[in-house]
Amino acid sequence: MIDVYIINLFIIGLLLLVVTLLSGWISRLPLSFALIYLLVGILLGPYGFKLIQLRREGVFNAELLERITEFVVIVSVFSCGLKILRPLKIGAWNITVRLIGFLMPFSIFGLAVVGKMFLGLDWGEAILLGAILAPTDPVLASEVQLTDVDDQDELRFGLTSEGGLNDALAFPFVYFGIYSLKDKNWDNWFKQWVAIDLVWAIAAGIGMGILVAKVIVWIDKKIQRRRPADSLMEDFIALGTILLTYSLTEFVNGYGFLAVFVAGLVFQRSYKKSEKSLAQLEFVERLEKLLEIGTILILGSILLFKPMLTYATQSLLVIALLFFVIRPVGAWISTIGQPSGHRHYRSMHPGTRWLLGWFGIRGVGSLYYLAYAYGNGLKNGLGEQIGWIVYTTIVVSALVHGISSTPLMNWYERNLSPKNSNASPPATVKEFE
(Lines give C-alpha, C1' and ligand atoms only; values in the text may rest on other atoms or scores of the structure.)
Protein backbone atom coordinates (compact mmCIF):
# COMPACT_ATOMS: atom_id res chain seq x y z
CA MET A 1 0.00 0.00 0.00
CA ILE A 2 1.33 3.43 -0.96
CA ASP A 3 2.15 5.74 1.96
CA VAL A 4 -0.26 8.67 2.39
CA TYR A 5 2.72 11.02 2.65
CA ILE A 6 3.90 9.98 -0.82
CA ILE A 7 0.41 10.52 -2.21
CA ASN A 8 0.39 14.01 -0.65
CA LEU A 9 3.72 14.81 -2.28
CA PHE A 10 2.38 13.64 -5.62
CA ILE A 11 -0.77 15.75 -5.40
CA ILE A 12 1.04 18.88 -4.23
CA GLY A 13 3.65 18.48 -6.96
CA LEU A 14 0.92 18.01 -9.56
CA LEU A 15 -0.95 21.06 -8.25
CA LEU A 16 2.19 23.21 -8.40
CA LEU A 17 2.95 22.11 -11.95
CA VAL A 18 -0.59 22.58 -13.26
CA VAL A 19 -1.13 25.97 -11.60
CA THR A 20 2.26 27.23 -12.79
CA LEU A 21 1.83 26.07 -16.39
CA LEU A 22 -1.70 27.48 -16.58
CA SER A 23 -0.96 30.68 -14.63
CA GLY A 24 -1.03 32.78 -17.81
CA TRP A 25 -4.65 31.81 -18.40
CA ILE A 26 -5.73 31.72 -14.77
CA SER A 27 -4.47 35.26 -14.09
CA ARG A 28 -6.80 36.58 -16.82
CA LEU A 29 -9.87 34.87 -15.41
CA PRO A 30 -12.14 36.20 -12.64
CA LEU A 31 -10.67 33.46 -10.50
CA SER A 32 -8.01 33.60 -7.80
CA PHE A 33 -5.29 31.05 -7.22
CA ALA A 34 -6.44 30.85 -3.58
CA LEU A 35 -9.86 29.61 -4.70
CA ILE A 36 -8.21 26.80 -6.66
CA TYR A 37 -6.10 25.80 -3.65
CA LEU A 38 -9.19 25.91 -1.44
CA LEU A 39 -11.13 23.55 -3.71
CA VAL A 40 -8.19 21.15 -3.88
CA GLY A 41 -7.91 21.30 -0.08
CA ILE A 42 -11.56 20.29 0.23
CA LEU A 43 -10.91 17.34 -2.09
CA LEU A 44 -7.97 16.29 0.09
CA GLY A 45 -9.96 16.67 3.31
CA PRO A 46 -12.60 14.54 5.07
CA TYR A 47 -15.11 14.86 2.21
CA GLY A 48 -12.62 13.74 -0.40
CA PHE A 49 -9.51 11.60 -0.29
CA LYS A 50 -8.88 12.22 3.46
CA LEU A 51 -5.19 12.85 2.83
CA ILE A 52 -4.91 16.01 4.98
CA GLN A 53 -6.33 15.67 8.47
CA LEU A 54 -5.85 18.22 11.25
CA ARG A 55 -8.51 16.45 13.30
CA ARG A 56 -7.61 13.23 15.06
CA GLU A 57 -10.46 11.48 16.86
CA GLY A 58 -12.45 14.70 16.78
CA VAL A 59 -9.64 16.81 18.30
CA PHE A 60 -8.51 19.76 16.19
CA ASN A 61 -4.76 20.43 16.04
CA ALA A 62 -4.90 24.19 16.58
CA GLU A 63 -1.21 24.46 17.47
CA LEU A 64 -0.08 23.15 14.09
CA LEU A 65 -2.40 25.60 12.31
CA GLU A 66 -1.10 28.43 14.50
CA ARG A 67 2.56 27.71 13.70
CA ILE A 68 1.98 27.33 9.97
CA THR A 69 -0.07 30.51 9.64
CA GLU A 70 2.35 32.40 11.90
CA PHE A 71 5.25 31.66 9.56
CA VAL A 72 3.18 32.54 6.49
CA VAL A 73 2.20 35.92 7.97
CA ILE A 74 5.73 36.96 8.98
CA VAL A 75 7.02 36.18 5.49
CA SER A 76 4.13 38.08 3.93
CA VAL A 77 4.41 41.23 6.06
CA PHE A 78 8.17 41.36 5.35
CA SER A 79 7.32 41.17 1.66
CA CYS A 80 4.90 44.09 2.10
CA GLY A 81 7.69 46.13 3.70
CA LEU A 82 10.12 45.29 0.89
CA LYS A 83 7.66 46.57 -1.73
CA ILE A 84 7.36 50.03 -0.17
CA LEU A 85 9.85 52.77 -0.96
CA ARG A 86 8.45 55.90 0.62
CA PRO A 87 10.05 58.19 3.19
CA LEU A 88 8.85 57.62 6.72
CA LYS A 89 6.89 60.87 6.94
CA ILE A 90 3.24 61.41 7.84
CA GLY A 91 2.53 63.06 4.49
CA ALA A 92 3.77 60.07 2.55
CA TRP A 93 1.84 57.61 4.73
CA ASN A 94 -1.35 59.62 5.13
CA ILE A 95 -3.60 56.93 3.65
CA THR A 96 -2.01 54.29 5.91
CA VAL A 97 -2.54 56.38 9.04
CA ARG A 98 -6.19 56.77 8.10
CA LEU A 99 -6.72 53.06 7.38
CA ILE A 100 -4.89 51.84 10.48
CA GLY A 101 -5.82 54.65 12.86
CA PHE A 102 -9.53 54.79 12.01
CA LEU A 103 -10.68 51.97 9.73
CA MET A 104 -9.25 49.07 11.73
CA PRO A 105 -10.66 50.19 15.14
CA PHE A 106 -13.92 51.02 13.36
CA SER A 107 -14.04 47.49 11.93
CA ILE A 108 -13.25 45.89 15.30
CA PHE A 109 -15.90 47.93 17.11
CA GLY A 110 -18.45 47.41 14.31
CA LEU A 111 -17.98 43.64 14.42
CA ALA A 112 -18.11 43.73 18.23
CA VAL A 113 -21.48 45.47 18.08
CA VAL A 114 -22.72 42.78 15.68
CA GLY A 115 -21.46 40.08 18.04
CA LYS A 116 -23.07 41.70 21.07
CA MET A 117 -26.42 42.52 19.47
CA PHE A 118 -27.01 39.55 17.18
CA LEU A 119 -24.74 36.65 18.20
CA GLY A 120 -25.31 36.54 21.95
CA LEU A 121 -21.68 37.35 22.84
CA ASP A 122 -20.59 39.50 25.76
CA TRP A 123 -18.40 42.51 25.00
CA GLY A 124 -15.10 40.74 25.59
CA GLU A 125 -16.03 37.82 23.33
CA ALA A 126 -17.41 40.21 20.70
CA ILE A 127 -14.20 42.26 20.69
CA LEU A 128 -12.22 39.04 20.22
CA LEU A 129 -14.34 38.17 17.18
CA GLY A 130 -13.84 41.68 15.82
CA ALA A 131 -10.08 41.54 16.35
CA ILE A 132 -9.82 38.18 14.59
CA LEU A 133 -11.79 39.31 11.55
CA ALA A 134 -10.78 42.99 11.31
CA PRO A 135 -7.28 42.63 9.75
CA THR A 136 -7.07 42.47 5.99
CA ASP A 137 -4.84 39.73 4.67
CA PRO A 138 -1.40 40.43 3.15
CA VAL A 139 -1.22 36.91 1.66
CA LEU A 140 -4.43 36.54 -0.36
CA ALA A 141 -4.49 40.24 -1.34
CA SER A 142 -1.29 40.19 -3.43
CA GLU A 143 -3.19 40.91 -6.66
CA VAL A 144 -4.41 44.27 -5.35
CA GLN A 145 -1.16 45.29 -3.67
CA LEU A 146 1.94 47.05 -4.97
CA THR A 147 3.60 45.18 -7.80
CA ASP A 148 7.13 46.50 -7.23
CA VAL A 149 9.06 49.30 -5.53
CA ASP A 150 8.46 51.69 -8.44
CA ASP A 151 4.68 51.37 -8.14
CA GLN A 152 3.44 54.43 -6.23
CA ASP A 153 -0.26 53.94 -6.91
CA GLU A 154 -2.19 55.22 -3.91
CA LEU A 155 -4.82 52.47 -3.88
CA ARG A 156 -2.25 49.69 -4.07
CA PHE A 157 0.00 51.43 -1.55
CA GLY A 158 -2.87 51.84 0.89
CA LEU A 159 -3.86 48.18 0.65
CA THR A 160 -0.23 47.00 0.90
CA SER A 161 0.69 49.11 3.91
CA GLU A 162 -2.61 48.31 5.61
CA GLY A 163 -2.11 44.58 5.06
CA GLY A 164 1.45 44.79 6.37
CA LEU A 165 0.51 46.65 9.54
CA ASN A 166 -2.93 45.60 10.67
CA ASP A 167 -2.00 41.96 11.19
CA ALA A 168 0.23 43.26 13.97
CA LEU A 169 -1.87 46.09 15.30
CA ALA A 170 -4.96 43.95 15.80
CA PHE A 171 -3.02 41.93 18.38
CA PRO A 172 -3.79 44.23 21.37
CA PHE A 173 -7.51 43.64 20.82
CA VAL A 174 -7.00 39.90 20.48
CA TYR A 175 -5.27 40.00 23.86
CA PHE A 176 -8.14 42.11 25.20
CA GLY A 177 -10.63 39.45 24.18
CA ILE A 178 -8.50 36.63 25.59
CA TYR A 179 -8.10 38.41 28.94
CA SER A 180 -11.85 38.90 29.04
CA LEU A 181 -12.42 35.16 28.49
CA LYS A 182 -10.30 34.41 31.55
CA ASP A 183 -11.53 37.25 33.78
CA LYS A 184 -14.79 39.12 33.16
CA ASN A 185 -13.75 41.86 35.60
CA TRP A 186 -11.83 44.22 33.29
CA ASP A 187 -10.54 46.26 36.24
CA ASN A 188 -8.23 43.38 37.17
CA TRP A 189 -6.20 43.56 33.97
CA PHE A 190 -7.15 46.65 31.95
CA LYS A 191 -4.24 48.86 33.11
CA GLN A 192 -1.74 46.10 32.42
CA TRP A 193 -3.28 45.61 28.97
CA VAL A 194 -2.81 49.29 28.16
CA ALA A 195 0.77 49.45 29.45
CA ILE A 196 2.09 46.15 28.09
CA ASP A 197 -0.05 45.05 25.17
CA LEU A 198 -1.00 48.42 23.76
CA VAL A 199 2.00 50.68 24.48
CA TRP A 200 5.09 48.56 25.15
CA ALA A 201 4.51 45.81 22.58
CA ILE A 202 3.94 48.29 19.74
CA ALA A 203 6.94 50.44 20.70
CA ALA A 204 9.13 47.35 21.08
CA GLY A 205 7.98 46.04 17.71
CA ILE A 206 8.92 49.26 15.93
CA GLY A 207 12.23 49.60 17.78
CA MET A 208 13.33 46.01 17.29
CA GLY A 209 12.35 46.06 13.63
CA ILE A 210 14.65 49.03 13.04
CA LEU A 211 17.47 47.81 15.28
CA VAL A 212 17.72 44.19 14.12
CA ALA A 213 17.42 45.04 10.43
CA LYS A 214 20.05 47.78 10.63
CA VAL A 215 22.49 45.51 12.49
CA ILE A 216 22.04 42.73 9.94
CA VAL A 217 22.50 45.13 7.02
CA TRP A 218 25.62 46.63 8.65
CA ILE A 219 27.15 43.18 9.21
CA ASP A 220 26.23 42.11 5.68
CA LYS A 221 27.87 45.15 4.08
CA LYS A 222 31.02 44.74 6.17
CA ILE A 223 31.42 41.10 5.22
CA GLN A 224 30.54 41.60 1.56
CA ARG A 225 33.39 44.11 1.17
CA ARG A 226 35.89 41.42 2.18
CA ARG A 227 34.36 38.29 0.70
CA PRO A 228 30.97 38.30 -1.07
CA ALA A 229 28.50 35.60 -0.09
CA ASP A 230 27.70 32.78 -2.48
CA SER A 231 25.06 34.05 -4.91
CA LEU A 232 22.90 30.96 -4.37
CA MET A 233 22.94 31.47 -0.60
CA GLU A 234 22.52 35.24 -0.56
CA ASP A 235 18.73 35.11 -0.84
CA PHE A 236 18.60 33.51 2.59
CA ILE A 237 19.70 36.82 4.12
CA ALA A 238 16.07 37.90 3.85
CA LEU A 239 14.82 34.73 5.50
CA GLY A 240 17.39 35.04 8.27
CA THR A 241 16.36 38.66 8.81
CA ILE A 242 12.72 37.63 9.10
CA LEU A 243 13.36 34.87 11.63
CA LEU A 244 15.84 36.84 13.76
CA THR A 245 13.69 39.96 13.83
CA TYR A 246 10.57 38.05 14.77
CA SER A 247 12.15 35.88 17.45
CA LEU A 248 14.19 38.66 19.09
CA THR A 249 11.12 40.90 19.22
CA GLU A 250 9.05 38.15 20.80
CA PHE A 251 11.82 37.68 23.40
CA VAL A 252 11.14 41.22 24.66
CA ASN A 253 7.33 40.87 24.44
CA GLY A 254 7.02 43.06 21.36
CA TYR A 255 4.82 42.43 18.34
CA GLY A 256 6.91 40.33 15.97
CA PHE A 257 4.60 40.93 13.01
CA LEU A 258 5.07 44.68 13.35
CA ALA A 259 8.84 44.32 13.75
CA VAL A 260 9.15 42.18 10.62
CA PHE A 261 7.17 44.69 8.54
CA VAL A 262 9.40 47.51 9.80
CA ALA A 263 12.48 45.38 9.06
CA GLY A 264 11.28 45.02 5.47
CA LEU A 265 11.04 48.81 5.16
CA VAL A 266 14.55 49.25 6.63
CA PHE A 267 15.99 46.50 4.43
CA GLN A 268 14.61 48.08 1.24
CA ARG A 269 15.94 51.52 2.11
CA SER A 270 19.35 50.24 3.16
CA TYR A 271 20.12 48.92 -0.31
CA LYS A 272 18.38 51.75 -2.19
CA LYS A 273 16.64 49.70 -4.90
CA SER A 274 19.80 47.78 -5.71
CA GLU A 275 19.77 44.42 -7.45
CA LYS A 276 20.27 42.87 -4.03
CA SER A 277 17.01 44.23 -2.59
CA LEU A 278 15.09 43.34 -5.75
CA ALA A 279 16.47 39.79 -5.66
CA GLN A 280 15.44 39.50 -2.01
CA LEU A 281 11.93 40.67 -2.90
CA GLU A 282 11.64 38.07 -5.66
CA PHE A 283 12.83 35.32 -3.30
CA VAL A 284 10.42 36.31 -0.52
CA GLU A 285 7.49 36.59 -2.95
CA ARG A 286 8.16 33.08 -4.28
CA LEU A 287 8.39 31.73 -0.75
CA GLU A 288 5.14 33.52 0.09
CA LYS A 289 3.36 31.95 -2.89
CA LEU A 290 4.54 28.49 -1.88
CA LEU A 291 3.39 28.98 1.71
CA GLU A 292 0.04 30.32 0.50
CA ILE A 293 -0.62 27.03 -1.28
CA GLY A 294 0.01 24.98 1.84
CA THR A 295 -2.08 27.22 4.09
CA ILE A 296 -5.14 27.36 1.84
CA LEU A 297 -4.94 23.62 1.23
CA ILE A 298 -5.10 23.13 5.00
CA LEU A 299 -8.04 25.54 5.30
CA GLY A 300 -9.95 23.57 2.68
CA SER A 301 -9.18 20.31 4.44
CA ILE A 302 -10.61 21.43 7.82
CA LEU A 303 -13.97 22.61 6.52
CA LEU A 304 -16.97 20.59 7.67
CA PHE A 305 -20.41 21.10 6.14
CA LYS A 306 -22.53 20.35 9.22
CA PRO A 307 -21.05 22.98 11.59
CA MET A 308 -20.85 25.48 8.74
CA LEU A 309 -24.58 25.00 8.18
CA THR A 310 -25.26 25.18 11.93
CA TYR A 311 -23.68 28.64 12.12
CA ALA A 312 -24.58 29.67 8.56
CA THR A 313 -27.14 32.32 9.57
CA GLN A 314 -24.75 33.97 12.02
CA SER A 315 -21.85 33.71 9.57
CA LEU A 316 -23.79 35.23 6.67
CA LEU A 317 -24.97 38.08 8.91
CA VAL A 318 -21.38 38.86 9.91
CA ILE A 319 -20.18 38.57 6.31
CA ALA A 320 -22.92 40.78 4.89
CA LEU A 321 -22.41 43.52 7.47
CA LEU A 322 -18.60 43.34 7.30
CA PHE A 323 -18.28 43.28 3.50
CA PHE A 324 -21.12 45.63 2.57
CA VAL A 325 -21.52 47.98 5.54
CA ILE A 326 -18.72 48.08 8.13
CA ARG A 327 -15.66 47.99 5.85
CA PRO A 328 -17.05 50.22 3.04
CA VAL A 329 -18.48 52.83 5.43
CA GLY A 330 -15.29 52.85 7.50
CA ALA A 331 -13.12 53.20 4.39
CA TRP A 332 -15.32 56.00 3.05
CA ILE A 333 -15.14 57.96 6.30
CA SER A 334 -11.40 57.39 6.74
CA THR A 335 -10.60 58.70 3.23
CA ILE A 336 -12.57 61.94 3.45
CA GLY A 337 -10.26 64.64 2.09
CA GLN A 338 -7.54 62.12 1.18
CA PRO A 339 -5.32 63.54 -1.64
CA SER A 340 -5.37 61.46 -4.81
CA GLY A 341 -2.08 62.30 -6.55
CA HIS A 342 -4.15 62.50 -9.75
CA ARG A 343 -4.14 65.54 -12.06
CA HIS A 344 -7.90 65.55 -12.52
CA TYR A 345 -8.89 64.81 -8.91
CA ARG A 346 -7.68 66.82 -5.95
CA SER A 347 -9.25 64.38 -3.53
CA MET A 348 -9.32 60.62 -3.90
CA HIS A 349 -11.88 59.57 -6.51
CA PRO A 350 -15.08 58.00 -5.11
CA GLY A 351 -14.40 54.88 -7.16
CA THR A 352 -11.00 54.45 -5.53
CA ARG A 353 -12.51 54.96 -2.09
CA TRP A 354 -15.11 52.28 -2.73
CA LEU A 355 -12.42 49.90 -3.95
CA LEU A 356 -10.50 50.47 -0.71
CA GLY A 357 -13.67 49.50 1.10
CA TRP A 358 -14.35 46.45 -1.04
CA PHE A 359 -10.87 44.91 -0.92
CA GLY A 360 -10.96 44.09 2.77
CA ILE A 361 -9.81 40.54 2.05
CA ARG A 362 -9.79 38.15 5.01
CA GLY A 363 -7.47 35.17 5.10
CA VAL A 364 -4.35 33.76 6.72
CA GLY A 365 -4.03 36.50 9.37
CA SER A 366 -7.51 35.72 10.70
CA LEU A 367 -6.69 32.01 10.69
CA TYR A 368 -3.60 32.72 12.80
CA TYR A 369 -5.47 34.82 15.36
CA LEU A 370 -8.19 32.19 15.62
CA ALA A 371 -5.64 29.41 16.19
CA TYR A 372 -3.82 31.61 18.73
CA ALA A 373 -7.08 32.20 20.59
CA TYR A 374 -7.78 28.46 20.59
CA GLY A 375 -4.48 27.93 22.37
CA ASN A 376 -5.20 30.64 24.93
CA GLY A 377 -8.64 29.97 26.32
CA LEU A 378 -11.11 30.01 23.42
CA LYS A 379 -12.87 26.64 23.56
CA ASN A 380 -16.12 24.70 23.89
CA GLY A 381 -19.29 26.16 22.36
CA LEU A 382 -17.89 29.67 22.06
CA GLY A 383 -14.83 28.36 20.26
CA GLU A 384 -17.03 26.45 17.81
CA GLN A 385 -19.22 29.47 17.19
CA ILE A 386 -16.40 31.96 16.57
CA GLY A 387 -14.34 29.38 14.69
CA TRP A 388 -16.96 28.50 12.10
CA ILE A 389 -17.93 32.14 11.61
CA VAL A 390 -14.25 32.90 10.89
CA TYR A 391 -13.77 29.91 8.58
CA THR A 392 -16.90 30.76 6.61
CA THR A 393 -15.92 34.41 6.33
CA ILE A 394 -12.50 33.48 4.92
CA VAL A 395 -14.03 31.04 2.43
CA VAL A 396 -16.57 33.61 1.21
CA SER A 397 -13.84 36.25 1.01
CA ALA A 398 -11.66 33.94 -1.10
CA LEU A 399 -14.67 33.38 -3.36
CA VAL A 400 -16.13 36.87 -3.82
CA HIS A 401 -12.88 38.84 -3.63
CA GLY A 402 -11.06 36.27 -5.75
CA ILE A 403 -13.67 36.49 -8.49
CA SER A 404 -14.01 40.27 -8.37
CA SER A 405 -10.37 41.35 -7.95
CA THR A 406 -9.27 40.87 -11.57
CA PRO A 407 -12.17 42.69 -13.31
CA LEU A 408 -12.28 45.46 -10.70
CA MET A 409 -8.53 46.10 -10.81
CA ASN A 410 -8.61 46.03 -14.62
CA TRP A 411 -11.38 48.63 -14.51
CA TYR A 412 -9.37 50.68 -12.04
CA GLU A 413 -6.23 50.54 -14.20
CA ARG A 414 -8.18 51.68 -17.26
CA ASN A 415 -10.18 54.46 -15.63
CA LEU A 416 -8.66 55.70 -12.39
CA SER A 417 -5.00 54.71 -12.16
CA PRO A 418 -2.84 57.76 -13.00
CA LYS A 419 -0.14 55.67 -14.70
CA ASN A 420 -2.59 54.49 -17.35
CA SER A 421 -4.42 57.74 -17.95
CA ASN A 422 -3.73 61.17 -19.36
CA ALA A 423 -3.12 62.38 -15.87
CA SER A 424 0.25 62.97 -14.38
CA PRO A 425 1.65 60.06 -12.37
CA PRO A 426 0.83 59.80 -8.69
CA ALA A 427 3.01 61.48 -6.14
CA THR A 428 6.49 60.02 -6.35
CA VAL A 429 8.99 59.48 -3.62
CA LYS A 430 10.77 62.71 -4.53
CA GLU A 431 7.52 64.67 -4.30
CA PHE A 432 6.90 63.29 -0.84
CA GLU A 433 10.36 64.36 0.20
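**Note on the charged side chains of this model**

1. Lys221 has its place in helix α9, where a helix is a DSSP run of H or I with at least four residues, numbered, like the strands (E, at least two residues), from the N terminus. This is a predicted model, in which local features need pLDDT of at least 70 and side-chain atom pairs count only at pLDDT 80 or more, while totals for chains, interfaces and linings use all residues. Residues are numbered from 1 along each chain as its sequence is written, and side-chain values use heavy atoms, with hydrogens and water left out.

2. Lys221 counts as partly exposed at 33% relative accessibility, because buried means under 20% relative accessible area, exposed means over 50%, and partly exposed lies in between (1.4 Å probe, protein chains only). Together with Lys214, Lys222, Arg225 and Arg226, Lys221 forms a surface patch of positive charge. Such a patch is made of residues with over 30% relative accessible area and no salt bridge, with like charges joined within 9 Å (for nonpolar side chains, namely Val, Leu, Ile, Met, Phe, Trp and Tyr, the limit is within 5 Å).

3. The structure holds 8 salt bridges, each being a side-chain nitrogen of Lys or Arg within 4 Å of a carboxyl oxygen of Asp or Glu. One of them joins the side chains of Glu285 and Lys83, at 3.8 Å from N to O. This pair links distant parts of the chain, since Glu285 lies in helix α12 (residues 275–302) and Lys83 in helix α4 (residues 62–83), 202 residues apart. Glu285 is partly exposed at 24% relative accessibility, whereas Lys83 is buried, with a relative accessible area of 3%.

4. Lys184 and Asp122 also meet in a salt bridge through their side chains, at 2.7 Å from N to O. Here the distant parts of the chain are two loops, with Lys184 between α8 (171–182) and α9 (190–226) and Asp122 between α5 (94–118) and α6 (123–133), 62 residues apart. Lys184 is partly exposed at 47% relative accessibility, and Asp122 is partly exposed with a relative accessible area of 23%.

5. A further salt bridge is made by the side chains of Arg327 and Glu162, at 2.7 Å from N to O. Arg327 belongs to helix α14 (residues 312–334) and Glu162 to helix α7 (residues 154–169), so that this pair links distant parts of the chain, 165 residues apart. Both Arg327 and Glu162 are buried.

6. Finally, salt bridges can also join into a network, as they do for Glu66, Arg67 and Glu70.

How values were computed:
Accessible areas come from the Shrake-Rupley method with a 1.4 Å probe; for residues, only the protein chains shown count as cover. Lys and Arg count as positive and Asp and Glu as negative; His and the chain ends are not counted. The place of a charge is taken as NZ of Lys, CZ of Arg, CG of Asp or CD of Glu.
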